[in-house]
Amino acid sequence: MKSAQYILLAASLLALASSLAYASDPSPLQDFCVAINDTNHGVFVNGKFCKNPKLVKAEDFFYSGLNIPRNTSNPMGSTVTPVSVAQIPGLNTLGISLARLDFAPNGGLHAPLIHHRATGVLVLVQGTLHVGFVTSNPENRFITKVLYPGDVFVFPVGLIHFQFNVGNTNAVAFATLNSQNPGDITMANAVFGSTPPINPDVLVKAFQLDKNVVKNLQSKF
């Protein structure tokens, strides 16, 4: 009798643990979502509102032109072409997106950034890229590799990473990310180009730089 009770208790605990495991909150799909009681003034949901399924058409799941080279004539020498829920509405709630990355020869850079909502998997199809990411505190280990066509590299969610063209030809890569809206925070833009600007004294102490250097950097972003 006792063994039957133990089995029943164990089964109940397993069922409870299983229900709790599946009861976690969904990952946020924007930077924040402030609660509001008045639904008449609610403008965002965690994701996007859904179209009537009877009105869905093929174009809702379609994007064209990812084969076209992009212009990399900019200070970074790179261009990212996202294919997320903003470009393909049918990606809503599916937890995936795609991007094309074009790099100018001899130094085209996808500057250090984080995707705070997604892990990225990048495949290089043309050129040579030096890529890497940095692990979290306190180790801050730099994980790096030089990629050639056909190589694949993973960038874990939330870690600072970059891609840098070390070849003398254009480079092209494609990345998939496990969020419909991965979120991009470019380190230099966020720190030195915020609106309003961060107090220079904060950045002087954080980066151990001369104040004039900090102000010069802030003027560039």
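Residues are numbered from 1 along each chain as its sequence is written, and side-chain values rest on heavy atoms, with hydrogens and water left out. Because the model is predicted, local features need pLDDT of at least 70 and side-chain atom pairs count only at pLDDT 80 or more, while totals for chains, interfaces and linings use all residues.

We may start with the sheet. An open sheet is formed by 5 strands in the order E6-E5-E8-E3-E10, with antiparallel pairing; strands are DSSP runs of E with at least two residues, helices are runs of H or I with at least four, and both are numbered from the N terminus. Two strands count as paired if DSSP finds at least two bridges between them. Strands E6 (142-147) and E10 (185-186) each have a single partner strand and stand at the edges, so one side of each is left without a neighbour in the sheet. E6 pairs with strand E5 (residues 129-134) over 6 bridges, and His130 stands opposite Val146 in E6.

The largest pocket holds about 560 Å³ of space. On a 1 Å grid over the protein atoms alone, a pocket is an open set of points where a 1.4 Å probe fits, with protein on both sides within 12 Å along at least five of seven lines; lining residues have an atom within 4 Å of a point. Its lining comprises 32 residues, and Val80, His110, Leu113, His115 and Asp184 lie nearest the centre. Elements giving two or more residues to this lining include strand E3 (109-114), strand E8 (161-165) and helix H2 (187-192).

Phe192 and Phe207 make a tilted pair, 5.6 Å centre to centre with 35 degrees between the planes. Phe192 belongs to helix H2 and Phe207 to helix H3 (residues 200-207), so this pair ties together parts 15 residues apart in sequence. Phe133, Phe153 and Phe155 form one aromatic cluster.

Finally, there are 3 salt bridges, each a side-chain nitrogen of Lys or Arg within 4 Å of a carboxyl oxygen of Asp or Glu. In one of them, the closest N and O atoms of Asp102 and Arg100 are 2.7 Å apart. Both Asp102 and Arg100 are buried (under 20% relative accessible area, with exposed over 50% and partly exposed in between, for a 1.4 Å probe and protein chains only).

Note on methods. Points joined across faces, edges and corners; volume = space filled by probe spheres on them. Phe/Tyr/Trp six-rings, centres within 6.5 Å; stacked < 30°, edge-to-face > 60°.
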